[in-house]
Every structure is written in C-alpha cells, then in structure tokens.
Amino acid sequence: MTRTVVIAGASGFIGRYFRRRFVEEGWQARTIGRDASADAQWNDDGGMARVLNGAEVLVNLAGRTVNCRYNERNRREILESRVLTTRSMGVALSRCDEPLRTWINASTGTIYRHAEDRPQTEEAGELGSGFSVSVARAWEDELAAAVVPATRKVPLRIAIVLGGTGGVMGPFRNLARVGLGGHMGPGTQKFSWIHVEDLFRAVLFIHDRPELTGPVNAASPYPVENRELMSLVRRSLGVPFGLPTPKWLLELGAVMIRTETELVLKSRWVEPRRLLDAGFAFGHPSLAGALNEIAAAKS
C-alpha cells in the first residue's frame with residue numbers, strides 16, 4: 001500500500017527537496033500552498049481536509065522568509081504566515097474521518113537564547129527574547145492548541161538548512177568570491193546548521209518513532225563558530241583569504257540589502273539531544289563535508 005505524505009509550504013527550497021525525496025522513497029506526495037498547482041490552497045478548508053484525510057504524515061513548512069527588514073508589515077506577515085497556517089492545519093485535521101498519525105510542524109532553533117556558553121537542548125535549553133523568539137513561541141503555541149487527539153504533534157526546531165539548490169549559503173559564497181569572506185562581527189557566535197538531506201531523514205525517523213514527542217531539535221551535533229564557517233566556505237570555493245566584516249558594516253549592509261544582522265550575529269548553539277538519544281545517525285555531521293558536497297553538486 002502506498003504511503004501518503006502531505007507537505008504544506010512545498011514551494012520553498014526545503015519543500016521542493018522533500019517532495020522529490022518522498023517520491024523517490026515511494027511515497028505519494030500531496031501539497032498545500034498558495035500556488036494553483038498545489039493539491040489544496042490555504043483558503044480552502046474543505047480542500048485541505050480532503051488532501052489530509054487518509055494521509056499518514058503531515059509536514060508543515062509554511063512560513064514567509066525572515067530574510068528581510070523587520071518593519072511592521074514584514075513582522076505581521078512573518079507571524080501570520082506561521083501562526084495562521086498552523087491554525088488552518090489544525091482545523092482541517094479536526095475534520096478528517098481518517099486522521100493521520102504524525103504532524104511535524106516546522107519551528108526554529110532561533111527560539112533559544114543567544115548562547116556562546118553551552119548548547120541548548122530540548123530539555124535544558126533556555127528560550128530567548130525578541131521578535132524572532134516571540135514568533136517561534138506563538139508558532140509552537142498554535143500547534144499545541146490544535147485539538148487533534150489521534151495525531152502526534154511534533155514541533156521541529158530547525159537550525160539553518162544547507163543544500164545545493166537553496167538555503168542560506170548563496171550570500172556567504174558570494175561574499176567569499178568577492179574577497180569579503182572573513183568572519184562576521186566577533187566571529188565567535190555559533191552557527192548551528194543541518195544538511196537538507198539529514199533534515200529529510202530526521203522527519204522520517206521521527207515519524208517512525210512514536211515515542212519521540214514534544215519539541216525536537218534538528219541540527220548537526222557539530223556546530224561551528226562563524227570564524228570557522230567562513231573559513232570553510234572559502235576553502236570549499238578555493239578562495240585563499242577574506243576580509244572580516246565588523247558589526248557596524250554589517251548593520252549598514254543589512255539596511256542596504258533589506259535584511260537583519262540577527263541572521264548572522266545571533267549565536268545559535270542547538271544540540272539535537274532527542275535525535276541522538278533515539279539513535280539517529282547524521283549523514284552529514286561535519287560542516288566541511290557538507291559544504292564540499294554542496295560545492296561539488298553546484299559545479
């Protein structure tokens with residue numbers, strides 16, 4: 001019997017990758033999104049319920065990019081694109097005659113505080129403060145509020161996702177190519193990350209293990225400092241040196257390219273303790289190996 005996955009927010013980098021990989025693994029993939037090509041659209045509650053009914057697992061990746069200036073409009077869209085879509089999923093799932101087993105809802109490792117002193121685990125991690133953290137908490141609260149007793153709900157606290165066809169590495173590589181590939185700000189801030197293939201495998205792993213509940217961190221067990229990150233980016237491109245970027249210049253550049261310095265200055269030290277304790281083996285545990293694989297895939 002063919003297993004069915006529903007991917008919400010399937011038009012982004014991660015969603016496209018997941019859809020392809022699920023199909024390669026023999027699954028039927030249904031989608032929910034804004035595009036007309038999706039099997040159901042966000043404004044169609046009945047259509048979403050039909051798509052979800054009888055499926056085995058839901059992976060909700062919906063959410064507006066945070067790579068923008070945090071003005072009032074963008075803040076509202078970032079929050080609503082996560083909270084309202086999660087709410088819609090809960091309503092649609094409550095109408096299903098054949099409820100699915102597992103609902104994996106994207107969250108973010110940014111929910112933890114700026115941490116340079118120790119890793120943040122699911123059990124002992126300390127939540128941070130500020131806009132990004134408030135969005136993450138509201139996102140997870142909306143998932144918790146969904147009344148779907150037959151479905152296990154797992155908020156997946158995802159670190160920065162790396163892959164050959166998208167993700168955040170493009171700007172880092174571009175900076176390195178033009179000689180600005182040195183460390184950013186102090187360079188000591190932690191960079192927690194995960195290869196997109198390991199993220200896909202983690203989703204399957206969680207689905208197949210009903211004992212995994214509550215938030216789960218999705219990050220490589222080997223984060224690096226920003227200084228090492230940029231060194232590895234340069235090495236993967238064969239670039240011998242890179243000028244560092246002080247905080248004041250990052251602030252100026254962020255305004256010019258309409259983004260926020262939090263994306264590179266916040267120290268994200270996310271430890272995947274629940275995955276490791278459950279026996280998950282990362283295929284791309286080291287950043288050097290992951291970047292070399294990504295560079296080879298793009299060459």
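A residue is counted as buried when its relative accessible area is under 20%, as exposed when it is over 50%, and as partly exposed in between, with a 1.4 Å probe and protein chains only. By this criterion, 53% of the 299 residues of the protein are buried. The structure is a predicted model, in which local features need pLDDT of at least 70 and side-chain atom pairs count only at pLDDT 80 or more, while totals for chains, interfaces and linings use all residues. Residues are numbered from 1 along each chain as its sequence is written, and side-chain values use heavy atoms, with hydrogens and water left out.

The protein contains 11 helices and 12 strands, taken as DSSP runs (helices: H or I, at least four residues; strands: E, at least two) and numbered from the N terminus. The C-alpha trace spans about 60 × 40 × 40 Å along its principal axes. The radius of gyration is 19 Å, which agrees with the value near 19 Å for a compact globule of 299 residues; this radius is taken over C-alpha atoms, and the globule rule is 2.2 Å times the number of residues to the power 0.38. Contacts are defined by heavy atoms within 4.5 Å. Of the contacts with a separation of 6 or more, 77% are between residues 24 or more positions apart.

Rings of Phe, Tyr and Trp (its six-membered ring) are paired if their centres lie within 6.5 Å, and planes under 30 degrees apart count as stacked, over 60 as edge-to-face and the rest as tilted. The pair of Phe18 and Phe200 is edge-to-face because the ring planes stand at 75 degrees, with the centres 5.7 Å apart. This pair links distant parts of the chain, with Phe18 in helix H1 (residues 13-24) and Phe200 in helix H6 (residues 196-207), 182 residues apart. Phe18 and Phe200 are both buried. A further edge-to-face pair is formed by Phe205 and Phe280, at 5.2 Å centre to centre and 70 degrees between the planes. Phe205 belongs to helix H6 and Phe280 to the loop between helix H10 (273-277) and helix H11 (287-298), so this pair ties together parts 75 residues apart in sequence. Phe205 is buried at 10% relative accessibility, as is Phe280 at 6%. Ring pairs also link Phe18 and Phe200 with Phe22 and Trp27 in a cluster.

Arg21 is likewise located in helix H1 and is buried, with 12% relative accessibility. Among residues beyond four places away in sequence, Arg21 touches Glu197 and Phe200. Asp35 is 14 residues from Arg21 in sequence, and the C-alpha atoms are 20 Å apart.

Leu180 occupies the loop between helix H5 (169-177) and strand S9 (190-191) and is partly exposed at 34% relative accessibility. Leaving aside residues up to four places away in sequence, Leu180 touches Leu175, Leu243 and Thr245. Leu180 and Gly33 are 147 residues apart in sequence, with a C-alpha to C-alpha distance of 37 Å.
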